[in-house]
Amino acid sequence: MKPNYLDELNERQQEAVMHINGPLMIIAGAGSGKTKVLTTRIAHLMRHGVDAFNILSLTFTNKAAREMKERVEKILGGNEARNLYIGTFHSVFARLLRAEAHRLGYPNDFTIYDTDDAKSVLKTIINEQNLDDKHYKPNFVYNRISAAKNSLMGPEEYQHDNFVQQEDMRANRPMIGKIYDMYAKRCFKNGAMDFDDLLYKMYILLKQFPETLHKYQHKFKYIMIDEYQDTNPAQYEIIKLLGSVHENICVVGDDAQSIYSFRGATIENILQFEKDYDDVHVVKLEQNYRSTKSILNVANEVIAHNKGQIEKALWTNNMEGEKIKLVRTMTDNEEGKYVADTIAEQKLRNHYDNRDFAILYRTNAQSRSFEESLRRKGIPYRIYGGISFYQRKEIKDFLAYLRITINTRDEESLKRIINYPVRGIGKTTIEKAVVISNEQNITFWEVLERGREFGFKGGTLEAVEGFVTMIKSFQAILEKHNAYDVAVQVGKSTNIVKELFNDKTTEGLARYENIQELLNSIKEFTETPTEDGELLDKSLGSYLQQITLLTDADQGNDENSDVVKLMTIHAAKGLEFPVVFSVGLEENLFPSTLSINTREELEEERRLFYVVITRAKARLWLTYASSRYRFGSLVNNEPSRFLEEMPEQFIDRSYAGGNAIRGFGGGGGGGLWNNGGNNMFDRMQKKAPAGPAAGSSASSSSARPAPKPAAPVGNHVPTPGFAPDDPATMEAGMEVEHQKFGFGTILSMEGAPNNRIATVVFPKGGGEKKIMLNYARLMIVKK
DNA sequence: TCGGAAATGTTTTTT
DNA sequence: ACATTTCCGA
């Protein structure tokens, strides 16, 4: 008898699920039920006697891991699922390293440096070496080092690799190898690993300690890897090591969705898999359950423009559905407004909830115009990605205290907080301590500890000793208290909480709230039973271990809240939405200017386009703007070349003013200023722009003389903190403020609920005016 | 040694 | 446009 969980699967899917032993490769097209197959397969393994403790399942995002865990639990019932090892590469390896780091000479409570920490260390080193940080940009150097680690190349090898050295010589940056070496040593001294180290050191560990390798080879008898097309060489080698005994490796991937080569991922891994093992069983999932025929046809046609793919034909039984809507607007702001308006309209017309919509873009910077327009229309939304909560300054400062409490070697954190809040340990003192630390080859912390010995005097000595005593007092309670208790103590002793509380500025208030939110999240951590099997550890060390690996998308697990979602296409991989707006489809933006120089780069951009199309279940809008602000000046862009690659019969251009493609950009361009006029005017008043910052577009026009504002407007200066209120809340009789017309009183209201019109009298702003509340910004002054 | 003004850089994409 | 860094005067 077949277990009933198989009933919901098609034949191919069943085939994949029921393959238990030996290497398995699943080529899973977009929307083909990949996650379902993976989760069912885990359940199936367990039904066939595989112990949960022996299963390792790796994903790329925390979200994917969480979802997988939940779905397995649902199928299995009970709580066996909590013994599974399911997580991202980084989080699983961090956990393993936490148990084994001492073998590599790291403290087991090593600190994890995020990208900002790492760049900051690099910058310090570059300056110490008297190198020009304009030439040796920390960002550039970081990427270089990251690429090296992802291909398992250590500092020694880097400096002796001919090819790499030639590359650096050609780029006129011969010192990168040296910087890499110093960086690695500094991180080691600090007891810290960066993101790439979590992979690289894991590999080193397995390679250098055969008994450790052996241990994990026998622990993880069954290994599954999601998004295999996005693995890099380091991940690939680790998997190969771990899986080499039992060879029960199941990889799932789709070469058409490989979008992380910038992070060292290589499609080769998926092609290589069949060669690495004998008797690889290959299953192709080609039926798409997600999208309409229209959407899928467009996607298939687009991806066909790439050459060299694993052969597969994605098809669907779903209905044909609506055509894909192609929309052009004049500016990025209009694009934002169009999308917000359309969401409002679709909610009414097709009874969608907010949660059914996603706005997906190429770069995080594009979110602004959508935020604004959604806010103006009173549509709740949430932005995923961008500046993470944990990257905010006040959060990093607070976390630095926690980190230094756990790991005093962490110089990066120490420098952050040694004089925050101000305690009279200035630059001079810090520099002196750095010098001593280098001379004596001891840690920065140790210099502080032995301050008297090293000749600190008077107020400085007092301050240093006070600081050391305080940190030690935190360490003293570590043993007996959980992460939250320690954090509260830190907040109190450092005075940070009180100080922020007393700061009554808007930013101060926000910072105070953020700290409170951080404390809440720590509390939540200590109170939620961890499902990570053996790790029921609520200590501060345990908390810090996971925190750095969380991204903004993992904050607030309000998966069910009814909001429109905004995120980059990268972040949307693996997700699906009833209605998708793929925005900013313009040359130089998507595809990005930086990715059109080689065929490989362009093809990756095209795969990205494929990914965004296939996120949509029912309806898909593609939008682009003729001109948008970039670096503060307006630039014109042509429609994305990808738009020309779509089959005409599934496209509806009627929204785009008829001839959407190639219909603008050349000629006079006078009309483009209608929207940007005032802004531009302001700029010119201050100072003429230095020059055409973005020389990309032929019709880039920053040199144009400032046009006069189209119509005279009131010279009202909005009150500080002006923020428009929701039109729905406005009533006759209220006093309101308009950004240009000043203060006024609402005389009457009219119009449909979603398109209300107010008649307002502005004593100083030209008398009585009719204001369409969806388009104007009014703030309620008095009800 | 500090705070505020001016100059300068930043934009792919993420764990 | 915005954030961060640098510069400058007190």
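Modeller: The centres of domain 1 and domain 2, taken over C-alpha atoms, are separated by 31 Å. Domain bounds come from an automatic or database domain assignment, in which domain 1 of chain A comprises 11-103 + 201-287 and domain 2 comprises 111-190. This is a predicted model, in which local features need pLDDT of at least 70 and side-chain atom pairs count only at pLDDT 80 or more, while totals for chains, interfaces and linings use all residues. Residues are numbered from 1 along each chain as its sequence is written, chains are lettered from A and ligands numbered from 1 in the order in which they are written, and side-chain values use heavy atoms, with hydrogens and water left out.

Where the two domains meet, 7 residues of domain 1 are in contact (heavy atoms within 4.5 Å) with 5 residues of domain 2. The size of an interface is often given as the accessible area lost when the parts come together. Between domain 1 and domain 2, about 420 Å² is buried, 73% of it on carbon and sulfur atoms; this area is what two parts lose on being put together, summed over both, with a 1.4 Å probe. Of the area that domain 1 buries against domain 2, Tyr-203, Pro-233 and Ala-234 supply 56%, more than any other three residues. Helix 12 (residues 233-243) gives the most to this side of domain 1, with 3 residues. Helices (H or I, at least four residues) and strands (E, at least two) are DSSP runs, numbered from the N terminus.

The count of salt bridges between domain 1 and domain 2 is 0, where a salt bridge requires a side-chain nitrogen of Lys or Arg within 4 Å of a carboxyl oxygen of Asp or Glu. By contrast, 3 residue pairs are in polar contact across this interface, both residues at pLDDT 80 or more. A polar contact is a pair of N or O atoms within 3.5 Å; within protein, one must be able to donate a hydrogen and the other to accept it, and residues adjacent in sequence count only if both atoms are side-chain atoms.

Elsewhere in the chain, Ala-28 lies in strand 1 (residues 24-28). Ala-28 is buried, because its relative accessible area is 2%; buried means under 20%, exposed over 50% and partly exposed in between (1.4 Å probe, protein chains only). Beyond its neighbours within four places in sequence, Ala-28 is in contact with residues including Lys-34, Val-252 and Asp-254.
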